[in-house]
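Subject: Structure for you to look at

Hello,

Here is the structure I said I would pass on. Please open it next to this message, since the notes below go through its pockets, its cavity and a few residues.

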Amino acid sequence: MDDTKKQEYFDQFNKSLHLIGRLTLIIGVILLVSVPIVIGWINGVTISGSGFLAGFLNVAIIYIPVAVVEFLVYTPMLGVGGSYLAFITGNVTNMKIPCAINARDIAKTKVGTPENEIISTISVATSAIVTMLVLVLGVILMIPLQPVLQNPVLVPAFDNVVPALFGALALKYFAKSPKIAVVPVAAMILLCVLVPAAISQTSILIIPSGALALLIGYLLFKKGKL
């Protein structure tokens with residue numbers, strides 16, 4: 001099959017993904033919004049407009065910038081199908097992105113290619129299914145495993161699973177471009193040491209660290225050192 005035919009089939013595939021993805025996202029948003037409305041209706045409680053607006057603004061100040069940043073950063077990595085699946089099933093940063101990155105490395109595909117989009121979609125779908133199965137097992141085994149999960153010796157390990165996972169994944173990419181990585185990594189480490197509260201705002205810190213990395217990469221490229 002020639003490249004033109006492949007691109008045609010890929011474009012048709014993406015169109016179907018956009019249709020299904022948009023429909024499922026719309027249905028998901030409707031269901032999320034309808035739950036408190038239905039519960040309030042059943043219990044005879046009306047939603048206060050001012051209370052809703054105040055609560056929404058408190059959350060939106062933090063999560064709208066985070067949502068925009070995650071969309072701009074993660075969508076090129078995940079592709080069309082992977083993005084719809086990841087954002088509707090959740091756990092994007094700590095589950096879907098590592099899974100997609102690892103699958104891409106194993107398959108040796110490049111970001112932006114049809115092959116990477118297919119691999120990303122399959123990996124994110126697999127991650128979502130495995131997550132659901134693990135959650136089901138977790139609910140079933142929650143009581144028997146409670147002494148283990150609450151063990152003081154193991155609690156610090158559970159608290160650092162995500163940083164350890166991303167550290168292992170990031171090291172490989174930092175090693176490929178140390179000239180670009182060293183300054184942003186050092187700056188973010190220094191910031192988190194001086195301002196511990198910044199540790200919980202990693203999604204927001206992607207903006208300055210990513211911008212710094214892009215600037216360094218551009219300057220090195222212009223000087224012919226990259």
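The largest pocket is lined by 36 residues, and those nearest its centre are F166, A170, F174, I206 and S209. The helices that each give two or more residues to this lining are α2 (49–89), α3, α6 (161–176), α7 (178–194) and α8 (202–222). Of these, α8 gives the most, with ten residues. The space in the largest pocket comes to about 1800 Å³. Its lining has 28 nonpolar, seven polar and one charged residues.

This is a predicted model, in which local features need pLDDT of at least 70 and side-chain atom pairs count only at pLDDT 80 or more, while totals for chains, interfaces and linings use all residues. Residues are numbered from 1 along each chain as its sequence is written, and side-chain values use heavy atoms, with hydrogens and water left out.

Some terms before going on. Helices (H or I, at least four residues) and strands (E, at least two) are DSSP runs, numbered from the N terminus. Pockets and cavities are found on a 1 Å grid over the protein atoms alone: a cavity is a set of points where a 1.4 Å probe fits but cannot get out, and a pocket is an open set with protein on both sides within 12 Å along at least five of seven lines. Lining residues have an atom within 4 Å of a point. Grid points are joined across faces, edges and corners, and a volume is the space filled by probe spheres set on the points. Ala, Val, Leu, Ile, Met, Phe, Trp, Tyr, Cys and Pro count as nonpolar, Asp, Glu, Lys and Arg as charged, and the others, Gly among them, as polar.

The second largest pocket holds about 830 Å³ of space. It is lined by 22 residues, with Y63, V66, A67, E70 and F87 the closest to its centre. Two or more lining residues come from each of α1 (3–42), α2, α3 and α8. Here α2 gives the most, with nine residues. By class, this lining has 13 nonpolar, eight polar and one charged residues.

How many cavities of 30 Å³ or more are there in the whole structure? The search finds one, and the volume of the largest cavity is about 40 Å³. Its lining is made of M77, L78, I97, A100, I101, R104 and N116, which divide into five nonpolar, one polar and one charged. The most come from α3, with four residues.

After α3 comes K108, which has a positive phi, near 55°.

N116 sits in helix α4 (residues 114–149). Why does N116 count as buried? Its relative accessibility is 2%. Beyond its neighbours within four places in sequence, N116 is in contact (heavy atoms within 4.5 Å) with M77, R104, T109, K110 and V111.

Last, the cysteines. No disulfide (a pair of cysteine sulfur atoms within 2.5 Å) is found in the whole structure. C99 counts as partly exposed because its relative accessibility is 26%, and C192 is also partly exposed, at 21%.

Regards

Key. Buried means under 20% relative accessible area, exposed over 50%, partly exposed in between (1.4 Å probe, protein chains only).
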